[in-house]
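Subject: Handing over the structure, with notes on its salt bridges

Dear colleague,

I am passing the structure on to you with this email, and below it you will find what came out of looking through it. Please keep the sequence and the structure open beside the text as you read.

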Amino acid sequence: MPVEGGSGSGSASAVRHPKQKRKAHSLSIRRTNSTEERTPGITRGDMLEGQDSKLPLALRSNLLDLFGQIEREFENLYIENLELRREIDSLNERLTGDGQTVEGGDPTKGALKTKASHSTSQLSQKLKTTYKASTSKIVSSFKTTAGSRALCQLLKEYVGHRDGIWDLSVTRTQPVVLGTASADHSALLWSIETGKCLLRYTGHQGSVNSIKFHPTEQMALTASGDQTSHIWRYMVQLPAPQPPPDVSAPCDEDQDSSDREEGEVDGEGPFEVPTVRVATATLKSHQGVVIAADWLVGGRQVVTASWDRAANLYEVETSELVHALTGHDQELTHCCTHPTQRLVVTSSRDTTFRLWDFRDPSIHSVNVFQGHTDTVTSAVFTVGDNVVSGSDDRTVKVWDLKNMRSPIATIRTDSAVNRISVSANQRIIALPHDNRQVRLFDMSGVRLARLPRSNRMGHRRMVCCTAWNEENQSCNLFTCGFDRQAIGWNINIPALLQEK
């Protein structure tokens with residue numbers, strides 16, 4: 001569980017003059033060419049220590065090595081270019097000399113010119129191919145970054161939690177707000193447009209691992225490490241939209257969220273936010289950490305998933321346990337309900353996920369699916385007849401509910417996948433990764449985009465969860481992670497599908 005200390009006033013003052021700071025932090029690397037000799041007695045460490053930079057020596061040394069490799073690559077290309085040009089010049093000189101020794105009217109002169117032209121064309125094409133092959137990876141990475149920024153634009157950052165954020169969700173009723181669940185034992189509700197914290201829930205005694213909203217009422221369901229799930233009511237009033245920020249302001253725009261005071265809520269002091277401390281209903285049947293919870297269709301029942309290897313089904317009105325769903329061999333990691341049918345899917349560290357069918361009140365069937373080789377971190381329903389599962393085995397699989405013997409699509413990635421989400425209208429899968437990346441795929445497994453990430457944009461630690469909001473003719477994606485912040489993104493769906 002991440003615990004990060006709050007920054008002092010020195011960190012805040014360090015960002016008051018961004019232009020001076022950028023100048024002081026600009027990286028200056030002096031390096032001799034590989035064909036030149038360094039001055040005897042001067043080591044790399046001496047060169048680095050003599051430069052004015054705030055970067056750690058080890059980091060600067062690594063950068064020096066990387067830039068050295070790049071320089072050597074381009075140096076080799078330059079040398080090969082010179083050799084090719086010498087061959088071209090030599091060939092032209094030979095052909096020119098041969099042409100001069102042949103008397104006028106010799107029919108072979110035209111053939112020599114044709115041969116020279118053909119050889120020159122081949123060498124020129126070889127040179128172009130060499131340059132394209134050597135620089136294609138660098139150019140493609142620049143294109144990918146630029147394209148991602150055009151397709152996925154930063155909407156807002158939601159900063160105020162004192163520890164990592166495990167889960168987030170968007171309300172299904174008006175007013176539409178964002179909810180976040182954190183390891184700091186609290187859940188917060190946010191204004192999506194302004195980034196202002198509207199309400200804080202502090203009823204749990206442990207980490208809040210999940211948050212989901214009632215389909216028709218202003219009620220929230222949270223799951224916690226204190227072995228309980230809480231149902232609580234909320235009332236919020238959205239603030240007036242704020243005017244666009246002044247781009248000429250030099251101070252606040254450069255403030256990193258990690259430089260905020262611990263416990264500081266964006267736009268409000270920690271004690272000025274309305275707080276709910278008591279739950280409407282408490283669900284207590286688990287013997288271990290409750291890792292996730294969700295509402296069944298209609299909102300009259302809820303399902304919870306726990307590290308005690310069981311999922312429980314409760315009546316909301318009475319808080320009574322209706323069914324204990326057992327069968328997993330290890331701790332559960334997630335649970336999800338179908339948006340229109342009485343179906344539940346649970347995932348576990350035992351590498352399986354299970355589909356529970358409550359459509360027939362007299363028969364509660366269960367199906368076990370073994371498509372992964374490591375912990376199944378989440379499995380979610382789509383609006384259609386599909387289930388999408390993600391795993392620590394770095395794969396995401398798409399399944400058809402009508403025939404789940406084998407997946408209809410498999411997405412292979414380079415990092416473990418956490419709590420995924422699928423957009424309702426366009427059915428786009430958002431994958432949060434351990435390596436801080438967030439990638440978008442369609443249901444057939446085709447990669448659509450990657451959310452931008454840099455020193456000033458995106459998450460700086462593991463991304464835990466994603467959630468979609470497709471209200472008001474726009475498509476927003478929300479992400480959260482161990483860096484104690486949630487981020488809202490505006491996804492340009494028409495452009496995204498056109499790129500596909």
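Seven salt bridges are counted here, where a salt bridge is a side-chain nitrogen of Lys or Arg within 4 Å of a carboxyl oxygen of Asp or Glu. Please bear in mind that this is a predicted model, in which local features need pLDDT of at least 70 and side-chain atom pairs count only at pLDDT 80 or more, while totals for chains, interfaces and linings use all residues. Residues are numbered from 1 along each chain as its sequence is written, and side-chain values use heavy atoms, with hydrogens and water left out.

As background, side chains of opposite charge can pair when their charged atoms come close. One of the salt bridges joins the side chains of aspartate 167 and lysine 212, at 3.4 Å from N to O. This pair links distant parts of the chain, since aspartate 167 is in strand S2 (residues 165–170) and lysine 212 is in strand S6 (residues 208–213), 45 residues apart; strands are DSSP runs of E with at least two residues, numbered from the N terminus. Aspartate 167 is buried, with a relative accessible area of 1%, and lysine 212 is buried at 17%, where buried means under 20% relative accessible area, exposed over 50%, and partly exposed in between (1.4 Å probe, protein chains only).

Aspartate 167 also forms a salt bridge with arginine 419, at 3.7 Å from N to O. Arginine 419 lies in the loop between strand S22 (409–412) and strand S23 (421–422), so this pair ties together parts that are 252 residues apart in sequence. Through shared partners, salt bridges join Asp167, Lys212 and Arg419 into one network.

Another salt bridge joins the side chains of glutamate 331 and arginine 349, at 3.7 Å from N to O. Glutamate 331 is partly exposed at 23% relative accessibility, and arginine 349 is partly exposed at 42%.

Serine 306 is in strand S12 (residues 301–306) and is buried, with a relative accessible area of 0%. Its side chain reaches the backbone oxygen of valine 289 at 2.8 Å.

Methods:
Helices (H or I, at least four residues) and strands (E, at least two) are DSSP runs, numbered from the N terminus. A polar contact is a pair of N or O atoms within 3.5 Å; within protein, one must be able to donate a hydrogen and the other to accept it, and residues adjacent in sequence count only if both atoms are side-chain atoms.
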